[in-house]
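Here is a briefing on the fold shown below. Please keep the sequence and the structure in view while reading.

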Amino acid sequence: MVTIKNNFKVFGIAISAVFFSLTACSSSSLSLEEYKTDPDNPNLTPAANKAIVFTTTSNGADMLYQTSADVYTGSNMAPTTIRIDPSKTYQTMDGFGFAITYSSCYNLLHMTAEDRAAFLKRTYSTTEGFGTSYARISIGCSDFSSTEYTLCDKEGLENFRFYKDETDYVIPILKEILAINPNVKIIAAPWTCPKWMKVKDLISMTSHDSWTDGHINPNYYQTYADYFVKFIQGMKDNGIDIYAVSPQNEPLNKANCASTYIPWREEADFVKVLAATFKKNSLKTKIYLFDHNFNYDNSFSQNDYPIKIYNALGSSFEGSEYVVGAAYHNYGGSPEELDDVHAKAPTKELIFSETSIGTWNDGRNLTARLLNDMRDVTFATVTRYCKAVLVWNLMLDKNMGPNLDGGCQTCFGAVDIDQNGYKQLHYNSHYFIICHMSSVINPGAVRIGVTSDSTQLSDFSHVEFLNPDGTKAVIMLNTGDTDRNVTISDGQNHFRCRVPAGSVVSCKWDK
C-alpha cells in the first residue's frame, strides 16, 4: 500500500481558530500538539490505477486515515482474496447520515461560522469531505428539542406555524448542509400529534391533554394528514425537500417525553388517509411505516407490524405507491428481524433510521464501540436489504444536551462538543461508521456479491457495492487481533490492502 498525504492520522481540521480533541478511548484525550495533522481535505475520487483507502483503528491510532493502493491488471493467486461479483445484485442505496435535532443545531450554531462551515464541509461534501448523504429531523419536537411543542398547538390548521426550533436552528443548519451537498435526503417523523387531536383510547374517545401517550382521534385523521402536507410544503418554501416521512417515531413507545401510541391497526387506517392526501397534493414524499424496534417492544400483537399493514391495506388503495417500506431502530431485538420482514415483503424497502450511543454502552470509548457498531449498525443492516442507515444526534455537548426531561438523559452525540468555547470536539464511533460508509458508497450504489472469498476468517467480514459512476467499493471489518493482508479483485483488476487488527477499512477503485 502506498501512503498519500496524511490527512487523517488524527482526524481533525488544522486551522488556527479550531482546537480539536481526538479521543481514542473514554479515558485519554489527544491534542493537535501531539500529532502532525494536514489541513487538506479527503479525496473521494480514485486516481487512475489507484484505490483510495480509509482506515480507522479501534485504538485510535488511525482515524479515517487516507492512503492509496496500486491497482494491477490481471488475475492473482493471493491466498486471501475477495473476488467481487457485480452480477449478483441486491438493494440500491439511498445513503448514510445523522439526525439533525434542535440540540445538534444549537451546538453547531454556537460554533464560529468558520469552524461550523469546516466541520459541515468535512462531513457532507462529496468533493472536500466524506459525502454524508442523509439526515433525519422531527416534525415538531423530539426529546432533543427546546421544549414540548407541535406545529399547531392551538386547535385548527389555520394556526399551523414553525416554532423557533425550526426557524432559528434546524432550518438554518439544513440550509448550510444543502448548500454543501444539495443531494442530501431528509426524512422526518413526528414524536407526537397535536394534543387537541389526541384521545385516551378509541372506545371512550376521552380527550387526552398530554404530550405523552394517547391515540390519534380517528375523526382527525384527515386533519393530521393535512398537517403533514403543511409541514412538507412549508419546508419546501424554505428550500428544503422532504424525501420521506414516517407517520410516527416509535409508535409503540408510550413513555417518551413526547409520544403518541399507534398500534399497527391504527397506523394502517391513518396511513391510508395520509397516502391519499399526499397524492391529492402531488407530493413526491415517500412514506415508511413503523419506525421502531426490531422486537416491536415485546408486544406479541404488534409482531410484524409493517407486514400486518401491508396485508390489511393491499396495493390498490389511493396513493398506495407512496407507502414504500418500513423503518427500524435497534433498541430492542435483533437485526435478523429484517430478514423476516424482507422475506415476507420482498418488494418493499427497508431503512434503519435510528440508534444511539450513551452511558449504557460506553459510548465515548472508541475501543469498546467502533467494531461493535460497525458490525451491528451498518453491516447488520445493509446486508439485510436496508437502503439507508442513520444514527441519532449528529452533535451534543459534553453534558449530553441540551435535552428534555423524560427523553434520553444518557445519550452521546456522534460528535460531542465542549460547551466551554464550543471549539473542542470529541469524535465517537457513530461518526466514524457513517463516514466510512458514505466515503466510498454513493447514493444509487447497488450492493453486490462475491464469487469467492478465500479469506475464510471468522473474525473478518466485508460488504461490496457498485457505484453509479462505475467505481467499486468494499468495506472491511477486522475484529481479530492480527493484521490481515487482503487482495481485492473484480475479475480484471486487483489490489492489496492491509486491514489492521481491530479496524475498519473502506476502499474505492475505478479499474
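The notes below cover the barrel, the other sheets and the helix packing.

This is a predicted model, in which local features need pLDDT of at least 70 and side-chain atom pairs count only at pLDDT 80 or more, while totals for chains, interfaces and linings use all residues. Residues are numbered from 1 along each chain as its sequence is written, and side-chain values use heavy atoms, with hydrogens and water left out. Helices (H or I, at least four residues) and strands (E, at least two) are DSSP runs, numbered from the N terminus.

**The barrel**

- Eight strands close into a barrel in the order S7-S8-S9-S12-S13-S14-S15-S17, with parallel pairing. Two strands pair if DSSP finds at least two bridges between them.
- Strand S7 (residues 95-99) is joined to strand S8 (residues 134-139) by three bridges, in the parallel sense. Ala-99 has Arg-136 in S8 as its bridge partner.
- Helix H9 (residues 429-438) packs on this sheet and touches S7 and S17. The direction of H9 makes about 155 degrees with that of S7. Such angles run from 0 to 180 degrees between N-to-C directions, and axes are lines fitted to C-alpha atoms, for helices over the stretch in contact.
- On to the next pair: S8 and strand S9 (residues 185-190) are parallel and share six bridges. Here Tyr-134 stands opposite Lys-185 in S9.
- S8 is largely enclosed by the rest of the structure, because six of its six residues are buried. Buried means under 20% relative accessible area, exposed over 50%, and partly exposed in between (1.4 Å probe, protein chains only).

**The S18-S20-S21 sheet**

- Three strands form an open sheet of mixed pairing, in the order S18-S20-S21.
- Strand S18 (395-397) and strand S21 (425-427) are the edges, each pairing on one side only.
- Direction ignored, neighbouring strands of this sheet are turned by 25 degrees against each other on average.
- Strand S20 (residues 415-417) runs antiparallel to S21, with three bridges between them. Val-415 has Tyr-427 in S21 as its bridge partner.
- Helix H1 lies across S18 and S20, at about 70 degrees to S18.

**The S25-S26 hairpin**

- S25 and S26 form a hairpin with three residues between them. In the turn, Gly-491 has a positive phi of about 95 degrees.
- Six bridges hold S25 and strand S26 (residues 493-499) in antiparallel pairing. Asn-485 is bridged to Arg-498 in S26.
- S25 (residues 484-489) also pairs with strand S6 (residues 81-92), in parallel and over three bridges. Ile-82 stands opposite Ile-488 in S25.

- Helix H1 (residues 102-109) packs on H3 at an angle of about 75 degrees, with the axes 9 Å apart. H1 is therefore roughly perpendicular to H3. Angles of 65 to 115 degrees count as roughly perpendicular, under 35 as roughly parallel, over 145 as roughly antiparallel and the rest as oblique.
- H1 uses Tyr-102, Cys-105, Tyr-106, Leu-108 and Leu-109 to touch Asp-165, Asp-168, Tyr-169, Val-170 and Ile-173 of H3. Contact means heavy atoms within 4.5 Å.
- Helix H2 (residues 113-124) and helix H3 (residues 164-180) have axes that come within 9 Å and cross at roughly 55 degrees. H2 and H3 are therefore oblique to each other.
- Arg-116, Leu-120, Lys-121 and Tyr-124 of H2 meet Ile-173, Glu-176, Ile-177 and Ile-180 of H3.

**Ser-103**

- Ser-103 sits in helix H1. Ser-103 counts as buried because its relative accessibility is 0%.
- Neighbours within four places in sequence aside, the contacts of Ser-103 include Phe-144, Ser-145, Asn-393 and Met-395. Gly-401, Pro-402 and Asn-403 are also among them.

**Helix H7**

- In helix H7 (residues 336-344), Glu-337, Leu-338, Val-341 and His-342 are the buried residues. They fall within an arc of 135 degrees seen down the axis, so they line one face of the helix. The arc is that of the directions from the helix axis to the C-beta atoms.
- Glu-336 and Ala-343, on the other side of H7, are exposed.
- The buried residues of H7 pack against helix H6 (305-313), strand S14 (323-329), strand S15 (349-354), helix H8 (366-382) and strand S17 (386-393).
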